[in-house]
Amino acid sequence: MSAEERAVGLPRPENVDSWEGARAVRVVVADDQAVVREGIVMLLGLLAGVEVVGSARDGEEAVALTAELAPDVVLMDLRMPRCDGVEATRRIRERHPGTEIVVLTTYADDDSLFPALRAGARGYLTKDAGGEEIVRALRDVTDGRAGLSPSVQRRLLEQLLERGEGPERAGPSGGTGPGAADLPSTAGPVVPEADGLTERETEVLMLVADGLSNQEIAGRLRISTATVKTHINNLFAKTGVRDRAQAVRYAYQHGLVRAPGRRVT
């Protein structure tokens with residue numbers, strides 16, 4: 001691991017070769033802390049599939065650079081002087097809808113998360129995210145998916161259920177669906193045999209719904225991260241879901257979990 005990677009706590013992804021050949025995601029990094037900003041720029045510069053085209057010291061600069069450079073994504077801190085990340089996100093999404101926003105912040109509290117999503121951020125990560133997670137979020141948002149960390153997905157589901165809404169009724173991407181009263185209340189895990197999930201694939205799905213990352217799942221099950229990824233790819237294909245957020249909804253709909261962070265037992 002390089003010095004700059006250690007400085008910001010972002011390890012180099014293991015599978016950067018998988019991004020070779022894809023069109024580079026053009027990124028502007030916005031953070032008021034020079035050491036953090038420069039460390040993130042240096043880290044992303046090491047990775048295939050990412051091109052850092054500019055960096056901003058605050059929200060005002062982020063908005064100006066977006067107008068000048070038309071990046072695919074702005075990697076946005078939230079708490080910055082002059083213009084904070086939420087206001088910068090709102091301005092960019094209004095004026096430059098072709099640019100997506102991924103929040104990268106120290107804060108995962110509701111007062112930071114929900115205003116950012118309402119302002120138009122499609123991704124939200126905390127600064128303990130690994131380099132692979134950051135690049136995956138960049139790819140996800142440019143492909144039209146949400147780039148949310150597992151812990152953020154879990155918090156969104158908790159809020160929806162606390163408000164009496166189901167995972168499909170509302171959220172940053174919109175949509176409608178069953179409310180909390182429609183969630184299954186089975187007494188034990190339901191293995192969706194119609195979709196052909198194996199016992200291990202179902203177990204991995206339940207851990208995804210618990211908000212665990214691939215690395216955490218690997219540690220819990222004592223298997224490699226590559227094996228976890230294989231199980232996730234297989235269960236995605238069998239269930240027809242496209243990303244982790246949809247996998248979490250699937251787990252709720254099929255009674256694999258009763259409430260965020262709790263398996264049905």
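Two strands count as paired if DSSP finds at least two bridges between them, and helices (H or I, at least four residues) and strands (E, at least two) are DSSP runs numbered from the N terminus. In this predicted model, local features need pLDDT of at least 70 and side-chain atom pairs count only at pLDDT 80 or more, whereas totals for chains, interfaces and linings use all residues. Residues are numbered from 1 along each chain as its sequence is written, and side-chain values use heavy atoms, with hydrogens and water left out.

The protein chain has eleven helices and eight strands. Of its 265 residues, 49% are buried, where buried means under 20% relative accessible area, exposed over 50% and partly exposed in between (1.4 Å probe, protein chains only). Contact means heavy atoms within 4.5 Å; among contacts in the protein chain between residues at least 6 apart in sequence, 63% join residues at least 24 apart.

Strands S3 and S4 run parallel and are joined by four bridges, and the bridge partner of Leu 75 in S4 is Val 102.

| Element | Residues |
|---|---|
| Strand S3 | 73-76 |
| Strand S4 | 100-105 |

Two packed helices are described by the angle between their axes and the distance between the axes. Helix H4 (residues 85-95) packs against helix H5 (residues 110-119) at an angle of about 15 degrees, with the axes 8 Å apart; axes are lines fitted to C-alpha atoms, for helices over the stretch in contact, and angles run from 0 to 180 degrees between N-to-C directions. H4 and H5 are therefore roughly parallel to each other, a term for angles under 35 degrees. From H4, Val 86, Thr 89, Arg 90 and Arg 93 meet Pro 115, Ala 116 and Ala 119 of H5.

Glu 60 lies in helix H3 (residues 59-69) and, at 31% relative accessibility, counts as partly exposed. Leaving aside residues up to four places away in sequence, Glu 60 touches Arg 82, Cys 83 and Arg 91. Between Glu 60 and Ala 30, which are 30 residues apart in sequence, the C-alpha to C-alpha distance is 9.7 Å.

Definitions and conventions:
Parallel < 35°, antiparallel > 145°, perpendicular 65-115°, else oblique.
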